[in-house]
Amino acid sequence: MTVVLLTASLGAMATPVDPLEPVNRAVFAFNDAVDRVALRPAASAYQSLLPRPIRSGIGNFFSNLGEVSTFLNAALQGKPDEAANALGRFVFNSTLGLGGILDVMTEFGAPKTSEDFGQTLGVWGVGEGAYVVLPFFGPSTVRDGLGRFSVDATTNPVNYLSPSEHRLGVTALSLINRRAQLLGADALVNGDRYVALRNLWLQNRRYQVNDGADASADAFLEDF
């Protein structure tokens, strides 16, 4: 599925609004350097040293924490079934699944979905605004940046860990785990990596906001 989306997006997507491209490219180069020097080697070591079942458990744990945001945003979007699914997944995976390490609910026929406040704003009709590349965080839009640093930040349980050293440690583990999951995708992006990743990210984001419906790109190229 990922490979299909990548191929389609690089070949067929209309040029997105990117008025900040010079600045975005500079931030992209910075992020790429950090990834090349620190994050990618750490992710490679993580993948080599930890067996797949342990990595899967860590991934499930962080995925389970994301159910809190999905529950809230599904409710805000008027999706009661999806909200109930997220709540049920969080409760039962946190208990029967040993703190979320095991994804028992998928086995029970309740697969994971994902919603965040950027998607909620999109459903409410808020335009995505300009494409921006955030230092360390990567691709975003004005709308998604607002969502990330407001409601999404408050619904992330990791942000409430104390002392701060624990919070930073768990955040670093989450980041390395996520980067390790993407190591295989590095070779799929050729040519101008900035343009390729921008187009892929925007198309995937629009797909998420529209719940997979085929939406015209023009509907998302309005000013915020």
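Me: Which residues does Asn64 touch, not counting residues up to four places away in sequence?
Reply: This is a predicted model. Asn64 sits in helix H3, residues 52–65. Leaving out residues up to four places away in sequence, its partners are Arg89, Phe90, Asn93, Ser94, Gly99 and Gly100.

Me: Is Asn64 buried or exposed?
Reply: Its relative accessibility is 3%. Buried means under 20%. Asn64 therefore counts as buried.

Me: How many helices and strands does the protein have?
Reply: Read the elements from the N terminus: α-α-α-α-α-α-α-β-β-α-α-α-α. Count each kind of symbol. The totals are 11 helices and two strands.

Me: What share of the residues in the protein is buried?
Reply: The protein has 224 residues. A residue is buried when its relative accessible area is under 20%. The buried share is 36%.

Me: How far apart are the C-alpha atoms of Val170 and Phe62?
Reply: Val170 lies in helix H10. It touches Phe62, Val158 and Leu161, leaving out residues up to four places away in sequence. Val170 and Phe62 are 108 residues apart along the chain. Their C-alpha atoms are separated by 9.5 Å.

Me: How does Val170 count by its relative accessible area?
Reply: The value for Val170 is 22%. Buried needs under 20%, and exposed needs over 50%. Val170 is therefore partly exposed.

Me: How are H4 and H5 oriented to each other?
Reply: Helix H4 covers residues 67–76, and helix H5 covers residues 80–95. Their axes come within 8 Å and cross at roughly 160°. Angles over 145 degrees count as roughly antiparallel. So H4 and H5 are roughly antiparallel.

Me: How do the residues in the contact of H4 with H5 divide by class?
Reply: H4 brings Glu67, Val68, Thr70, Phe71, Ala74 and Ala75. H5 brings Glu82, Ala83, Ala86, Leu87, Arg89 and Phe90. Sorted by class, they are eight nonpolar, one polar and three charged.

Me: How are H2 and H10 oriented to each other?
Reply: Helix H2 spans residues 21–49, and helix H10 spans residues 164–181. They pack at about 80°, with axes 8 Å apart. Angles from 65 to 115 degrees count as roughly perpendicular. So H2 and H10 are roughly perpendicular.

Me: Which residues of H10 meet H2?
Reply: On the H2 side are Asp35, Leu39, Arg40, Ala42, Ala43, Tyr46 and Gln47. The contact divides into eight nonpolar, two polar and three charged residues. The H10 side consists of Leu173, Leu175, Ile176, Asn177, Arg179 and Ala180.

Me: How many charged residues are in the contact of H2 with H11?
Reply: H2 and H11 pack at about 100°, with axes 11 Å apart. The contact joins Glu21, Asn24, Arg25, Phe28 and Asp32 of H2 to Arg193, Tyr194, Val195, Leu197 and Arg198 of H11. Four are nonpolar and one is polar. The charged residues number five.

Me: What do the buried residues of helix H8 pack against?
Reply: H8 runs over residues 142–149. Arg143, Asp144, Gly145 and Gly147 are buried there. These buried residues pack against H7, S2, H9 and H11.

Me: What is the phi of Leu98?
Reply: Most residues other than glycine have a negative phi. Leu98 is not a glycine, yet its phi is positive. Leu98 is in the loop between H5 and H6. Its phi is about 55°.

Me: Where is Phe136 found?
Reply: Phe136 has a positive phi of about 70°, although it is not a glycine. At 60% relative accessibility, Phe136 counts as exposed. Its place is the loop between S1 and S2.

Me: Which residues does a cis peptide bond join?
Reply: Most peptide bonds are trans. Here one has an omega of about 0°. Its proline lies in the loop between H9 and H10. The cis bond joins Ser162 and Pro163.

Note on methods: Residues numbered from 1 in each chain as written. Predicted model: local features only at pLDDT ≥ 70, side-chain atom pairs only at ≥ 80, totals over all residues. Heavy atoms only, no water. Axes fitted to C-alpha atoms, helices over the stretch in contact; angles between N-to-C directions. Helix = DSSP H or I, 4+ residues; strand = E, 2+ residues; numbered from the N terminus. Parallel < 35°, antiparallel > 145°, perpendicular 65-115°, else oblique. Contact = heavy atoms within 4.5 Å. Nonpolar A, V, L, I, M, F, W, Y, C, P; charged D, E, K, R; others polar. Buried < 20%, exposed > 50% of the residue type's maximum accessible area, 1.4 Å probe, protein only.
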